[in-house]
Amino acid sequence: MARHGGRGWYGRVLAAAVGVTALAAGASVWTAQAGPIAGQHTGSGASARPAAPHSGRAPVTESIAHSSDQGARGVNITIDDGPDPIWTPQVLQVLQDNGVKATFCMVGTQAQAHPDLVKAVVAAGHRLCDHSVSHDTTMDKKSDTYQAQQILTADRMITKASGGVQPLYYRAPGGAFTPYSRHLAASHGMRPLGWNVDSKDFERPGADAIIATVKNELANGPTLLFHDAGGDRSQTVAALREILPWLKQQGYTCGFPVR
């Protein structure tokens with residue numbers, strides 16, 4: 001999928017996150033939680049090794065997950081960029097109405113701003129995914145130090161907002177994974193998470209177009225990408241109301257990405 005660009009909403013999120021990232025860098029807040037990262041580099045070519053894993057999460061494989069834990073007829077509903085006070089509750093209601101569990105890939109600053117919604121996601125039985133502090137789709141062009149700050153600081157922000165429930169996955173903004181970011185996330189118990197079907201809901205093409213994209217591209221694989229923040233997500237909510245029953249009618253079971 002082409003990376004999402006030109007998001008004014010993310011410009012504001014990024015601006016809000018500058019202080020968070022600077023704090024993490026200057027005071028080493030994230031390393032106090034995770035331990036030091038030995039041999040980091042800032043583009044000089046030196047090898048970088050991740051910190052020791054957080055307690056409670058064993059290291060996982062660093063390959064990017066796409067499969068469902070429900071097997072060949074399983075699908076994974078993944079919801080990115082929130083939580084958002086308007087759209088996340090509506091997405092949660094649609095999921096509840098259809099008896100579906102999903103994986104919410106949360107931006108750290110959004111989780112910090114809306115801890116009640118993070119807790120609501122967890123209470124409903126959904127899983128959490130680290131989606132970085134500020135949704136920087138150029139992370140793969142930045143230093144390992146910067147990547148670590150984005151990943152580990154967001155991990156802490158989401159965990160705190162949830163009341164102690166840790167993300168089980170890491171999804172790079174716009175798919176901007178690097179070997180280092182995958183290794184770092186996996187060493188902290190967060191499986192790198194990809195997608196097979198981009199619903200293109202962020203472009204707001206209309207609910208019918210979102211539904212058609214999912215139906216036409218489902219053969220590509222089981223992990224479906226939607227959004228619950230970053231703008232008006234009414235089309236996403238409307239599309240999910242049609243897609244989730246249709247998946248069940250087709251014999252699919254919604255599950256979680258493999259770990």
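His126 is buried, with a relative accessible area of 7%, where buried stands for under 20% relative accessible area, exposed for over 50% and partly exposed for what lies in between, calculated with a 1.4 Å probe on protein chains only. The model is a predicted one, in which local features need pLDDT of at least 70 and side-chain atom pairs count only at pLDDT 80 or more, while totals for chains, interfaces and linings use all residues. Residues are numbered from 1 along each chain as its sequence is written, and side-chain values use heavy atoms, with hydrogens and water left out.

His126 sits in the loop between α5 (115-123) and β3 (127-130); helices (H or I, at least four residues) and strands (E, at least two) are DSSP runs, numbered from the N terminus. Not counting residues up to four places away in sequence, His126 touches Leu92, Leu95, Val100, Lys101, Ala102, Phe104, Val121 and Phe256, a contact being a pair of heavy atoms within 4.5 Å.

Ile79 and Leu128 are 49 residues apart in sequence, yet their C-alpha atoms are 9.8 Å apart in space.

The helices can be followed next. The axes of α5 and α6, which are lines fitted to C-alpha atoms over the stretch in contact, with angles running from 0 to 180 degrees between N-to-C directions, come within 7 Å and cross at roughly 75°. The two helices are therefore roughly perpendicular to each other, since angles under 35 degrees count as roughly parallel, over 145 as roughly antiparallel, 65 to 115 as roughly perpendicular and the rest as oblique. Here Pro115, Val118, Lys119 and Val122 in α5 meet Ile158, Lys160, Ala161 and Ser162 in α6.

Helix α6 (residues 144-162) also packs against helix α7 (residues 179-187), at an angle of about 40° and with the axes 10 Å apart, which makes α6 oblique to α7. The contact is made by Asp144, Gln147, Ala148, Ile151 and Leu152 of α6 and by Tyr180, Ser181 and Leu184 of α7.

For the protein taken whole, there are 9 helices and 8 strands, and buried residues make up 56% of the 259 residues.
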